[in-house]
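Please look over the structure below. The report that follows begins with single residues and then turns to the chain as a whole.

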Amino acid sequence: MKKIDMHAHFFPRITQEEAARLVAATAPWLRIDEGGETGNIMLDNRAFRPVYRALWDPSLRIEELDRHGVDLQVVCATPIMFGYRYDGRAVMDWVQRMNDLALEHCAYAPNRLKAMAQVPLQDLDLACAEASRAKATGHVGVQIGNHLGEKDLDDEQLVAFLRHCGNEHIPVLVHPWDMMTDGRMKKWMMPWLVAMPAETQLSILSLILSGAFERLPRSLKLCFAHGGGAFPYLLGRAENAWHCRDIVRADSPHPPSHYLDRFYVDSAVFDPRALRLLVDTMGAQRIMLGSDHPFPLGEQDIGRLVADQPGLDDNARHRILAGNALEFFGL
């Protein structure tokens with residue numbers, strides 16, 4: 001059965017000197033270890049994350065896709081590459097360079113690899129222009145972070161960007177990043193394990209309860225990473241709150257479950273019970289295979305969870321593994 005992995009990451013061979021042209025102290029770069037198989041994403045001289053060659057080498061990526069039986073993979077920036085903290089015009093060259101490098105990465109096997117672009121989301125006009133340019137140059141969509149500092153997805157600037165993407169038929173993947181923490185989640189990757197799912201739930205509920213979906217075109221193709229984070233499990237809580245508290249439904253004319261047909265989620269939930277809940281909540285027609293490859297928190301056997309999921313008929317399995325992504329990206 002065909003497999004399309006629509007959530008994977010890359011990081012190009014950016015040197016410290018190249019990163020310093022943006023901001024020396026905080027722009028990320030790649031330090032490759034002796035031997036070339038492993039390395040670290042760096043911030044100045046500080047190691048941010050250990051990584052291995054599949055993140056930057058498309059030849060190894062294709063070898064791994066072959067081993068997993070993945071027919072096509074859509075890659076996008078590692079979120080630390082976004083550059084949202086900088087002035088939009090100052091970061092525009094960086095963004096376009098990263099997007100061009102993403103296309104170079106995919107050019108190694110153009111029938112197996114496709115790219116989603118990043119944009120300078122902090123500047124609405126530049127973000128819209130780069131999203132359109134990226135589509136014209138071969139990107140199949142854009143990836144954005146789920147917030148801009150204190151601005152969540154219901155902020156009118158971000159809604160306007162989503163509206164542009166809907167009108168221009170540019171698919172959007174929303175990825176959590178810069179996770180909420182006040183210092184209490186210091187160890188054991190707690191920001192990734194606790195705050196990251198909460199960030200995605202916050203993004204989805206922000207669009208629903210603010211009434212933003214009422215203002216966005218139905219042509220917008222929107223996907224939330226990691227199975228929608230905590231949203232599927234806590235939908236009942238939000239639904240109950242909408243019916244019981246007028247402050248919750250003040251800006252949303254319909255309960256949260258009314259908007260489940262306005263967005264997609266990926267399948268990166270790692271547990272058959274979680275996937276069963278996800279299918280029960282969203283429907284098989286709203287879930288796409290996503291692995292988070294090649295990071296260690298990603299699915300280690302891409303597509304195995306869906307392939308082995310009991311209770312899925314062949315049509316539902318096909319839709320999750322490939323069919324929905326074909327439609328979402330217009331492939």
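## Histidine 226

In this predicted model, histidine 226 has 13% relative accessibility, and it counts as buried because the cut-off for buried is under 20%. Histidine 226 sits in the loop that runs between strand S9 (222-224) and helix H8 (231-244).

The backbone of histidine 226 has a positive phi of about 60°, although the residue is not a glycine.

## Tryptophan 188

Is tryptophan 188 buried or exposed? Its relative accessibility is 63%, and the cut-off for exposed is over 50%, so tryptophan 188 counts as exposed.

Tryptophan 188 is part of the loop between strand S8 (172-175) and helix H6 (190-209). Its phi is positive, near 60°, and the residue is again one other than glycine.

## A cis peptide bond

Which two residues are joined by a cis peptide bond? They are histidine 293 and proline 294, and omega of this bond is about 5°. Proline 294 belongs to the loop between strand S11 (287-288) and helix H10 (304-307).

## Helices, strands and the annotated domain

The protein contains 11 helices and 11 strands. An unreviewed UniProt entry carries the annotation "domain: Amidohydrolase-related" for residues 4-331.

## Overall shape and packing

The C-alpha trace spans about 60 × 45 × 45 Å along the principal axes of the protein. A compact globule of 331 residues would have a radius of gyration near 20 Å; the protein has 19 Å, so its value agrees with that of a compact globule.

How much of the protein is buried? Buried residues make up 57% of the 331 residues. Contacts can also be sorted by how far apart the partners are in sequence. Taking contacts between residues at least 6 apart in sequence, 69% join residues at least 24 apart.

## Surface and charge

The protein exposes about 14,300 Å², and carbon and sulfur atoms supply 51% of this area.

There are 35 positive and 43 negative charges in the protein. The mean position of the positive charges and that of the negative charges are 2 Å apart.

Technical notes
Residues numbered from 1 in each chain as written. Predicted model: local features only at pLDDT ≥ 70, side-chain atom pairs only at ≥ 80, totals over all residues. Heavy atoms only, no water. Helix = DSSP H or I, 4+ residues; strand = E, 2+ residues; numbered from the N terminus. Rg over C-alpha atoms; globule rule 2.2 N^0.38 Å. Buried < 20%, exposed > 50% of the residue type's maximum accessible area, 1.4 Å probe, protein only. Contact = heavy atoms within 4.5 Å. Areas by Shrake-Rupley, 256 points an atom, 1.4 Å probe, with all protein chains shown as cover. Lys, Arg positive; Asp, Glu negative; His and termini not counted. Charge placed at Lys NZ, Arg CZ, Asp CG, Glu CD. UniProt positions renumbered as here; feature names shortened; annotations may be inferred.
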